[in-house]
Structures are given as structure tokens and as C-alpha cells.
Amino acid sequence: MSAHDKLLGLSARPKVAVHKFSSCDGCQLAFINDAVSLLELSTLVDVVHFAEAGPLDEFAEVDLAIIEGSVNTHHDIHRLEMVREKAKYLVCVGACAITGGIQALRNYTDDKGLLEWQHGIYPQDTDVIIKEDLSTAKPISAYVPVDFEIPGCPITSTQILHAVRSILFGVEPEKNVDSVCTSCKHAGITCVTVARGEPCLGPVTANGCEALCPALGRGCYGCYGASKYANMGAMTDKLKEMGLSEIQIKHKFQYINSQDAGYKGE
Amino acid sequence: MSLAKTTKIEVPILARVEGEGALDLEIENGKIKKCELRIYEPPRYFEKFLEGREPNAVIDAVARICGICPLAYQTAAAGAMEKVFGIETSQWVKDARLLMMLGQWIQSHYLHVHLLAAPDFLGYRSGIEMAKDFPNEVVRGVRLQHLGNDLMKLFGGRSVHPNGVKLGGFWHSPKESAVKAFVPRLKAALEDAKGVIEFVSTLKFPDTTIPFIQVSLRHPTEYPVIASGVITSRGEEFDVNDWEQHFREFHAPQSTALHSTTVEGDPLLLGPLPRINLNFDRLPKHIQDLANATGVKFPSNNMFHSVIARAVEGYWALERALQLCEAYTYTDTPSAPEKVAAGAAWFGVEAPRGIQIDEFEFDAAGLAKHIRISAPTSQNLPCMEADLRIALEKFGLERPDAEIQLHAEMVIRNYDPCISCSAHFLTLNVTRK
């Protein structure tokens, strides 16, 4: 079924569920922090499940499921499959749900390494943790089909409300293909790399934050993941030229969106 | 009650907290036999994957532990680094860090009071539901919450995972005009905040007494937000570097969040109520008067008075923020020069829900070597369990499950738990024998 057909199949007053997997809850705050919009949204849709805000009905049939967080436990695989089965349209919000997020840095340890981590942090009753933990933290799309993704760490209220409004009109939300540089130019922000020699991932990072870091005079650290047409070769060469070591460059990309195919140069 | 009768009921509870967990209650012959708060928020291993990372990458990363109080993690991490590296931050940096933390308190406290706690006391299932009957109160709360968020944005660009803090200070200095624009808003907010204190003092508080050792940071001259002293209700005062001589952290099998107790094994209580109880003398006289006018006498050992403590702290935070904004001047050196050195240090800040304390060790290149991060909610978990036993037995275990559930939720919400931090969705499992 095409995205368009799927969206036409949604109710005029859609039922919405907001689910949390492994995350910091920061993307859900895009709803809660803008309480005025949350109250307005509640007049347009029926929010049937949103634990942090109040309503609870985890496995209700819904038109729209919004998912925050990555999958790190056996239990969550099962829960995610149930959520997908009950939802007509599934939207992932934020770095954790889209790339596995910062906790996906565990994917660079082997089983022995992870065991050391588990024993290091949970010295007593480690078996309880080991039994539930997966060896990886993976995005939602690694387990179930995803209809739309909204990047960011965290996403903004504007992004999510924009997307929900589009869905209410039966159209697929707009995909942002630009890099952070676009926002810098529009806002007239002086380039931090050119003018101050700050390493900045803006040229290869997806836009959506309105160039928040360059506006503060610092380089972008890639919290929105790779932009669509990221030129990773040129970016890496530039960072080398600026004197960054190989490990420093590796850590720039192996950070909040380490599993992003774009950042991996795939 | 028939001995043969065992009822097991699964009720989804603890909405309006942040994180995932469940409460197991076993009631036998009218007594609570088992009371365990199970936290199954999956572990994310920040302390491990940040080993080997550079200082500013650590500061940006620790925000991601919790979307609700990212700044507490950033401020504590930066503070620990500066202590180890021997970086002396300027008064401008100290003031700006305090101002941003106050923004976090304002945002979190007014969100909690209006959208999370008040619905319990007034008999609503959510803040949205309550807004229909109490539109002015809810809108006033939201207005104050937004003001807190905007203060954080001033320095950090955004309120969730702000980008302003760096080693030695801040990445930028906001323009004076941008900061002064807060002065009229903060003045108006003080009126709102007075209204909130009056509003919460009309709530009906269940009777309960908590026997826990209370712990808070202690500042030499003012109410504690960022401070190096620790004070307890046992009359101890010590430096935060000696934390481990007094408290210990351990893993309980029912939880992915680590628990804390005193070295003797007694639960310790952190948060707004201990803070106001132990630092009432650090509040200006007119704010003490506002607190006394609520009819609650501090120190109070009724955990339900936490909501009053939050409202009073909110007022203090707004007034302190106003002073800082009025005195603000622009600087072209918002950060001390960076340098690194090997070593280790403890650093604590008062997050809205209690002390957030870190131990960081760095190598000679300034890379993180060993990290321990203790969130206030995880440290409070043994108190929450013990408090539930006391509060529910007092409430009456013969009451229907639905009433027990609501009361249990109220008890837990007093702590404003933030469960992603400590390791949401809570399920109440009641077994009656």
C-alpha cells in the first residue's frame, strides 16, 4: 500500500498512541513542553495512550502510533511487534528510534565487553540484567516496518506538530533533505569552521534544528543524523586538514547517531 | 478474609511519571508482605560508553540521560571536570550556570505541580482533564513552566539537551537586551508564583510521617542549587568529596536503577522536602513568611507536603533568577581557557528532584577513565518502597484495589520520579492472601 493510500485510510478523528522504548523521554517533551499545543492537539485527535502525560491503553487499535526510543531488550521486541500490529501508520521520532541513539554505542562492544559493562554497573544480581539485555541497541526499523521518521536529539515541537497536521490532511509529512549549512546561510550565521576553525558537522548533518549550535558559536555535533546528500569523504578530509586525529574523527561520527548509514558512508 | 483466596490483579499505573516500572504488592492477613518497585527501564550504559571521550563530548552526552533534567547532568559533569583540571570559573560563569539551573527548577517544578501532582489531590486522571475545571490554574502553571524553558534556551539554544555548557563556562554570552527582556516577565511571574503557593495550600493532604534520613546540598550563604557541602537530618555536615564515606549504592534485583542507602543500610531521602527542611534558614525572611502562611510548619515529615515545598522553591527560584537577570552584563569571555589534568573528583548539584551526584576520573589527556552517575530518583527508590508500606497501611489495605492504586500513585508521585534517569509505565500487581 502506498503512503498516500495508508493516510487516506485513517479516521477523520484519528486515535493516537505515544510509545516509549529505551530513551531519555526528551522527544515526548516536544508535546508536553508545549502544553498549549498539547491541549490544542487533544481537540484534533484522541490520545489513547501516552503514559507520561496520563492516558494508558498500550495495545489499543490506533490510527497513528508515535514511537520514541530504541530496542535493547527481548521484552521490547515483543512489545514493539504488538504496537505495530495495532497501528495503521507508525512514526518514529528522534535519534534513538531512528538509528538506535547514543546507547547504540554498545554495538561496538562484543559479548565479552558487554558482560564487563553489565558486571561493572550492576555488580550484584547481574543475571537479571543479562537475561533481558540484547547485545545491541537498534532502531525500530530493524524490527518492524516504519512509515515515517522525524530526526533529532531531541525533535522539536514544530517538527512533530507539523507532521501531525500533515497526517491529519492525509498527506505524507515533508522530508527535510537539506544540511544544517542551509539554515546557517538563511539566518546569516557566520560559518564557525571558516571564521573560527571550529570543527562542525553541519555540512553532512540533517537540518531541522535551525543551526542551533553554530548560532551559539560552536560546531554542530550531528544530533539530527546524516543529511540526504552528505559528502562524507570531503567532510572527513576537512576534519583531517583541521588537525583532528583519526580517533577524534571516528568519535565525531560514532556518537549520537553512530548507526546512521549516512555517517557510516553507506 | 479467607486464607484460600488469592487475588492477583494487574492494573496499569503510574502514568504521569517519566520512565518505565511496576509495583508489586503482596498483602497477607491485612499486612504488606512484599512491596517492590520494579524498574525495567532498559540500561543504557552511559558510564561505560563514555570512557575515552573528550570533556565537551561528555558534557553533551550526559544530557541524554534524561530529557527532563539534562542540565543537572551537564552542570555536574562540567563541575567535576573543572575541579579535576584546576579550572577556575569566573563569577559570570557561576551566575550563568545558576540562572540556567533555576530555569530547570522553574520548568520542572511548575510542570510537576500542575500537570502531574495537582490532578491527584483534586481527583482528576490528568492535567488535561483538570484544565476543564481549573483553566486559570493550569494556564498559570504552563506560563511559569514556559518561562523556565525560555531561561534555559537563553544560554543553551533549547531546553531539552541544551547546547550552551562547555568546559570552563559557556559557548556564548547572550546579549544584555535578551537577558533584560526577562526582567518584566520574572516580575509578573512572582505574582503568579504567589498564587500557586496559595493554591497548593488549599489542597487536602493525607496524614503520613516519613522516618527517613533526609539529605540535601548545603550552600554557605544561600538556598542550595550548586554547592559543595552536604547536610543531613542527623546533624552531619560534610564535603561532597566524602559522599562515599556516608552513602553506598547497590543493585537490587527488581530494578535496573541502582539503589542508594546510608552505609548502615538505611534509606535516604533527597528532593524538595529535605531541601526546604534542611535549608529553611537559607530562604529570605519574606519567603519563609510565605511558606509559614501555607499552614505547614517546616521541617515537615509529611511527604505530601512536597508539593508545597515545590511551590515555595519555585517562588525563590524566580526571585533569584530576577536578581541575576537584573545584574547581568555581557562578557566576551564566557569561558575560562581549557586545560586538562589527570585526577578524580565528586560533584553534586540539586536537580529539581534531589541531589544528582557524579564521580569522574580522567587521564592525563583529559579523557574520561571512570564515571559514576547517580540520579536522584534511583537514590530515592528504597525510600519510595518503605514510604509505600507506611502510607498504604495507614490508608487501609482493606480498601478496593482501585483506591489503593490511586493512593500508591500519589505516594510515588510525591517523589516526582524520573525513571529514565534511574535506569513508565507502571503496572500495579496486587496479590492478596
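# Close-up views of a predicted two-chain model

**View 1. The contact between chain B and chain A.** Chain B gives 57 residues to this contact, and chain A gives 59 residues. The model is predicted. About 5000 Å² is buried between chain B and chain A. Carbon and sulfur atoms account for 63% of that area. On the chain B side, the residues that lose the most area to chain A are Tyr45(B), Arg53(B) and His251(B). Together they make up 15% of what that side buries.

View 2. How many salt bridges are counted between chain B and chain A? The count is one. The side chains of Asp60(B) and Arg218(A) form a salt bridge, with N to O at 2.5 Å. Polar contacts between chain B and chain A number 14 residue pairs, with both residues at pLDDT 80 or more.

**View 3. Elements on the chain B side.** Five elements of chain B each give two or more residues to the side that touches chain A: β1 (7-13), α1 (46-49), α2 (55-62), α4 (91-122) and α6 (135-156). Which of them gives the largest share? Helix α6(B) does, with six residues. By residue type, the chain B side that touches chain A splits into 26 nonpolar, 19 polar and 12 charged.

**View 4. Tyr45(B) in its loop.** Tyr45(B) sits in the loop that runs between β3 (31-39) and α1 of chain B. Its phi is near 65°, a positive value in a residue other than glycine. Is Tyr45(B) buried or exposed? Tyr45(B) counts as buried because its relative accessibility is 3%, under the 20% cut-off. Tyr45(B) is also one of the residues of chain B that lose the most area to chain A.

**View 5. A four-stranded open sheet in chain B.** The strand order is β8-β7-β6-β11 in chain B, and the pairing is mixed. The edge strands are β8 (237-239) and β11 of chain B, each pairing on one side only. Strands of a sheet pair through backbone hydrogen bonds, either parallel or antiparallel. Strand β6(B) spans residues 213-218 and is mostly covered. Six of its six residues are buried.

**View 6. The partners of β6(B).** How do β6(B) and β11(B) run, parallel or antiparallel? They run parallel, joined by two bridges. Strand β11(B) covers residues 268-269. Ile213(B) stands opposite Leu268(B) in this pairing, and Gln214(B) stands opposite Leu269(B). With β7(B), residues 229-232, strand β6(B) runs antiparallel. Four bridges join β6(B) and β7(B). Arg218(B) has Gly229(B) in β7(B) as its bridge partner.

**View 7. Asp416(B), a buried loop residue.** Asp416(B) lies in the loop between α14 (401-413) and α15 (419-422) of chain B. Phi of Asp416(B) is near 45°, again a positive value in a residue other than glycine. Why does Asp416(B) count as buried? The reason is its relative accessibility of 4%, because buried means under 20%. Which residues does Asp416(B) contact, leaving aside neighbours within four places in sequence? They are Ser108(B), His112(B), Leu116(B), Arg310(B), Arg353(B) and Thr377(B).

View 8. Phe395(B) belongs to helix α13 (residues 376-395) of chain B. Phe395(B) counts as buried because its relative accessibility is 18%, and the cut-off is 20%. Not counting residues up to four places away in sequence, Phe395(B) touches Glu403(B), Ile404(B) and His407(B). Phe395(B) and His407(B) are 12 residues apart in sequence. In space, their C-alpha to C-alpha distance is 7.9 Å.

**View 9. Two cis peptide bonds.** In chain A, the peptide bond from Cys153(A) to Pro154(A) is cis, and omega is near 5°. Pro154(A) is placed in the loop between β7 (148-150) and α8 (157-168) of chain A. In chain B, a cis peptide bond joins Phe298(B) to Pro299(B), with omega about 5°. Pro299(B) is found in the loop between α11 (285-292) and α12 (306-327) of chain B.

Note on methods:
Residues numbered from 1 in each chain as written. Chains lettered and ligands numbered in written order. Predicted model: local features only at pLDDT ≥ 70, side-chain atom pairs only at ≥ 80, totals over all residues. Heavy atoms only, no water. Contact = heavy atoms within 4.5 Å. Buried area = accessible area lost by both parts, 1.4 Å probe. Salt bridge = Lys/Arg side-chain N within 4 Å of Asp/Glu carboxyl O. Polar contact = N/O pair within 3.5 Å; in protein donor to acceptor, adjacent residues only side chain to side chain. Nonpolar A, V, L, I, M, F, W, Y, C, P; charged D, E, K, R; others polar. Buried < 20%, exposed > 50% of the residue type's maximum accessible area, 1.4 Å probe, protein only. Pairing = 2+ DSSP bridges.
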